Amino acid sequence: MSNKELRKLIGSRAKQRRLELGLNQQYVADKMDVNKSTIQRYEAGAIDNTKKLVLEGLAETLHVSVEWLKGETEEYTSDITDEKDLKIKDIFGRLTCIEQEDLKDEEYNFSKDLLIFMLSEYESFIDSFRSGCEKYKGNQRGKNIAKATGFGSVEEYNEVMFLREITHTINAFNDIEVILRNYSKDSNEAYMQLKRLMFQQEE
């Protein structure tokens, strides 16, 4: 393969993956610390995109391997499948870089514990949400149960049962609201409330 053909292939694959992830050229440019026009030219194969530094930058930003960009494999083996996955990864990346700045130790620790609690709750939510969707979302199989238990319709039964599946998450976020509202009044008590929730969550 000539150098020109390789540049075209790398550019084409980089553009394909960028569009697959729903990204614009400015996002890629910012991640690689170059101008948007440079990304345009990389994708067009108009300038040399075969250099090691460029290839590694594109691969890291687009979550593919250098080998895939160069056409040496058809598998880019990435857990990033769409724009939402990438946004989540970006957010987590930014969270790990957050500095304490003007927060006191207790305030900073409170904020981190709150994040830990919410992420742990999300784990529980996914399980119950999956279960609720499988059992009750658009399900017509519960007609007899709905009738026998006094519900007006199977739709009403499904709604109630689905909400029951995710009640713990609704309650958890209601508890968070209370804690945050109380924090400015009595930060120590609010933090203790959060600690109690975290302890209950681990049981």
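# Notebook: salt bridges, cores and helix packing

I began with E83 and K87, which both lie in helix α6 (residues 83-95), four residues apart, or about one turn of the helix. I noted that helices here are DSSP runs of H or I with at least four residues, strands are runs of E with at least two, and both are numbered from the N terminus.

Before going further I recorded the ground rules. The model is predicted, so local features need pLDDT of at least 70 and side-chain atom pairs count only at pLDDT 80 or more, while totals for chains, interfaces and linings use all residues. Residues are numbered from 1 along each chain as its sequence is written, and side-chain values use heavy atoms, with hydrogens and water left out.

**Entry 1: salt bridges**

I looked up how E83 and K87 are joined, and found a salt bridge whose closest N and O atoms are 3.6 Å apart. The term requires a side-chain nitrogen of Lys or Arg within 4 Å of a carboxyl oxygen of Asp or Glu. Side chains of opposite charge can pair when their charged atoms come close.

How many salt bridges does the structure hold? I found twelve. One of them joins the side chains of R18 and E43, at 2.6 Å from N to O. R18 belongs to helix α1 (residues 3-20) and E43 to helix α3 (residues 36-44), so this pair ties together parts that are 25 residues apart in sequence. Both R18 and E43 are buried.

I also examined D127 and R130, whose side chains meet in a salt bridge of 3.3 Å, N to O. These two residues are three apart in helix α7 (residues 105-136), which places about one helical turn between them. D127 is partly exposed, with a relative accessible area of 49%, and R130 is partly exposed as well, at 44%.

**Entry 2: nonpolar cores**

Next I searched for nonpolar cores, meaning sets of buried Ala, Val, Leu, Ile, Met, Phe, Trp, Tyr and Cys residues joined through side-chain atoms within 4.5 Å. In soluble globular proteins, nonpolar side chains tend to be buried together.

Which residues touch the most other members of the largest core? Of its 21 residues, I listed V28, M32, I39, L58, L62, V64 and L69. The elements giving two or more residues to this core are α1, α2 (25-32), α3, α4 (52-62) and α5 (66-69). The largest share, five residues, comes from α4.

Leaving aside neighbours within four places in sequence, I39 is in contact (heavy atoms within 4.5 Å) with Q25, V28, A29, M32 and V34. I recorded also a second, separate core of twelve residues, which includes F117, I176, Y183 and L194.

**Entry 3: how α2 packs**

I compared axes next; these are lines fitted to C-alpha atoms, for helices over the stretch in contact, and the angles run from 0 to 180 degrees between N-to-C directions. The axes of α2 and α4 come within 10 Å and cross at roughly 120°. The two helices are therefore oblique to each other. By the convention used, angles under 35 degrees are roughly parallel, over 145 roughly antiparallel, 65 to 115 roughly perpendicular, and the rest oblique. In the contact, Y27, V28, K31 and M32 of α2 meet V54, G57, L58, T61 and L62 of α4.

α2 packs against α3 at an angle of about 105°, with the axes 8 Å apart. That makes α2 roughly perpendicular to α3. The contact is made by Q25, Q26, V28, A29 and M32 of α2 and K36, I39, Q40, Y42 and E43 of α3.

**Entry 4: backbone and loops**

I looked up two residues with positive phi. D33 has a phi of about 60° although it is not a glycine; D33 sits in the loop between α2 and α3. H63, also not a glycine, has a positive phi of about 55° and is found in the loop between α4 and α5. Is each residue buried or exposed? D33 counts as exposed, at 71% relative accessibility, whereas H63 is buried, with a relative accessible area of 18%.

Last, I turned to I145 in helix α8 (residues 143-148). I145 is partly exposed, at 45% relative accessibility. The C-alpha atoms of I145 and Y157 are 8.4 Å apart, while the residues are twelve apart along the chain.

Conventions. Buried < 20%, exposed > 50% of the residue type's maximum accessible area, 1.4 Å probe, protein only.
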